[in-house]
Amino acid sequence: MKQRIKLFVNGEAYDIYTETNRTLLDVLREDLELTGTKRGCDSGECGACTVLLNGKPVNSCLILAPEADGQNIVTVEGVSRPNLPLHPVQEAFIEKWAIQCGFCTPGMIISAKALLDRNIEPSEEEIKQALAGNLCRCTGYVKIIEAVKAAAEKVRDGRS
Amino acid sequence: MFNGGAPLPDMGSLPQFEYVEPSTLQHALYILNRYGDSACILAGGTDLLVQMRDGKKAPKYIVNIKKIPQLEGIRFEKEGVVIGALTTVNTIHESKLVKEMFPALHQAAGVLASYQVRNRATIGGNLCNASPAADLAPPLLIYEAKLKIVGADGENEVPIECFFLGPGKTVIERGMVLKEIYIPKPKENTYSIHLKFGERRAMECAIVNVAASMTIEDSLCKDVKIALGSVAPTPIRAKTAEAEVCGKKVDEEVIERAAEAAAKDSRPISDIRASAEYRREMVKVFVKRALRSLLVESNMKDAG
Ligand SMILES: Cc1cc2nc3c(=O)[nH]c(=O)nc-3n(C[C@H](O)[C@H](O)[C@H](O)COP(=O)(O)OP(=O)(O)OC[C@H]3O[C@@H](n4cnc5c(N)ncnc54)[C@H](O)[C@@H]3O)c2cc1C
Ligand code: FES
Ligand code: FES
């Protein structure tokens, strides 16, 4: 069965004609060629496919394409735009060397951004909780947590 | 060795199905009755999509019920709280009302899966999927929640104790929808807690899940409820353990006896996560921790 759906991704509207048994992750990567969002496990375990759905982080591999019809989505490509400065979370990941192979990074960035959107002063425990659904096979967690702390500081400085 | 660009092994694509999105409960019931066993309800999809990918389920019709507004939300009613089946685990975790009235439910909602999964996972899906390890089940058992189920013949209220029949099995039959969960407000001087024990701290099915509530007045236990998850074919109440505590002055000896009884109430299996023996030991440990913690909480309240 095929269905027409409308998606708002990173501020742009898309009309897509898709099989209903495809996921939001399939559509983002294959139809919109937004390959920043990664496919690790396709079953909700790894968090590499994390995107914001109406502002909340979710696993795009666990959402059917038709379920996303009419919804607002932000992928890692939309966290900042070409020619604009990077988001504080992105800056901090670079400065703190929180990236090794980079496969988990888009999901980490989205989860961390979502955390700072709801809490600009997260404790280490709160950071760990927020990132518990994002696995890093390079196990670079120490640097990642440092980066999120640094990003929180940047966000706070930017606001004050 | 590098396989020369051959496609990666299939991670299990989703089988074909017809997708329907009713906007009223009535329409959903009509569709479910018409398509019977070939239809499957989709709530958050965090269990269903994984099962479909694993080839465990292949429904011909997927009925997304998330467009039915009346199935969602938390409200105060009849000296208790009503939680719509579609309410997400994160919404429950973040609800002040739930945190104040039902701390064990608040705690359980905070340790289910990951933040991303909790944004999709619903309370209805957690119960209807009927995993012995379902995190929200033990708290709802101690609070003696009632589940409102609707079918073609009308509404039915089922105490949660009668809801689970076995792994993946509940009293919900084809054509029925879990509509909402009613939880009566606990009595005065009641304390409750949920403890989850897994191998890792996050993203883990529990090895043992314990929820307990105690109504304590002057160290005297007026009422007690203990529920266990992951140690029987369904989440269960540990009633012999409760009998060891109820009506007694709670001390270390009583707690010890209750823990022993709880281990006997459990019927664990050995699986990839733990052996039956280990699980029974962990039941003891976590029942003790839970009861001690409730006792301390009540003493603090008395002192303060
Ligand atoms: C990575 C990962 C980690 C997880 N960790 C945990 C964990 O730690 N603890 C835990 O308890 N669970 C865990 N789960 C399982 C799952 O997230 C929960 O059980 C969740 O609450 C299911 O809700 P859902 O809305 O996603 O259900 P769905 O997948 O939509 O539905 C589950 C089943 O219930 C039926 N159903 C749903 N709603 C209704 C209704 N209102 N009436 C009748 N039938 C209905 C569906 O037809 C389906 O068969 C995990 C899942 C994943 C992917
Ligand atoms: S690809 Fe979605 S969680 Fe792993
Ligand atoms: S940097 Fe390699 S998976 Fe995290």
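Predicted model: local features only at pLDDT ≥ 70, side-chain atom pairs only at ≥ 80, totals over all residues.
1. Some ground rules. Residues are numbered from 1 along each chain as its sequence is written, chains are lettered from A and ligands numbered from 1 in the order written. Local features need pLDDT of at least 70, side-chain atom pairs count only at pLDDT 80 or more, totals for chains, interfaces and linings use all residues, and side-chain values use heavy atoms, without hydrogens and water.

2. Chain B has domain 1 (2–64), domain 2 (71–184) and domain 3 (190–299), with bounds from an automatic or database domain assignment. The C-alpha centres of domains 1 and 3 of chain B lie 36 Å apart.

3. Now to ligand 1. Residues from chains A and B surround ligand 1, so the site is shared between chains. Of the 33 residues around ligand 1 (a heavy atom within 4 Å), those that come nearest include Ile41(B), Thr122(B) and Asp135(B).

4. Which atom of Thr122(B) lies 2.6 Å from an oxygen atom of ligand 1? A polar side-chain atom does. For Leu178(B), a backbone N or O atom lies 2.8 Å from a nitrogen atom of ligand 1.

5. Lys284(B) sits in helix 11 of chain B; helices are DSSP runs (H or I, at least four residues), numbered from the N terminus. Lys284(B) is buried, at 17% relative accessible area, because buried means under 20% (1.4 Å probe, protein chains only). Leaving out residues up to four places away in sequence, Lys284(B) touches Ala259(B), Glu260(B) and Ala263(B), where contact means heavy atoms within 4.5 Å.

6. In helix 10 of chain B, the buried residues include Ala259(B) and Ala263(B).

How values were computed. Buried < 20%, exposed > 50% of the residue type's maximum accessible area, 1.4 Å probe, protein only. Helix = DSSP H or I, 4+ residues; strand = E, 2+ residues; numbered from the N terminus. Polar contact = N/O pair within 3.5 Å; in protein donor to acceptor, adjacent residues only side chain to side chain.
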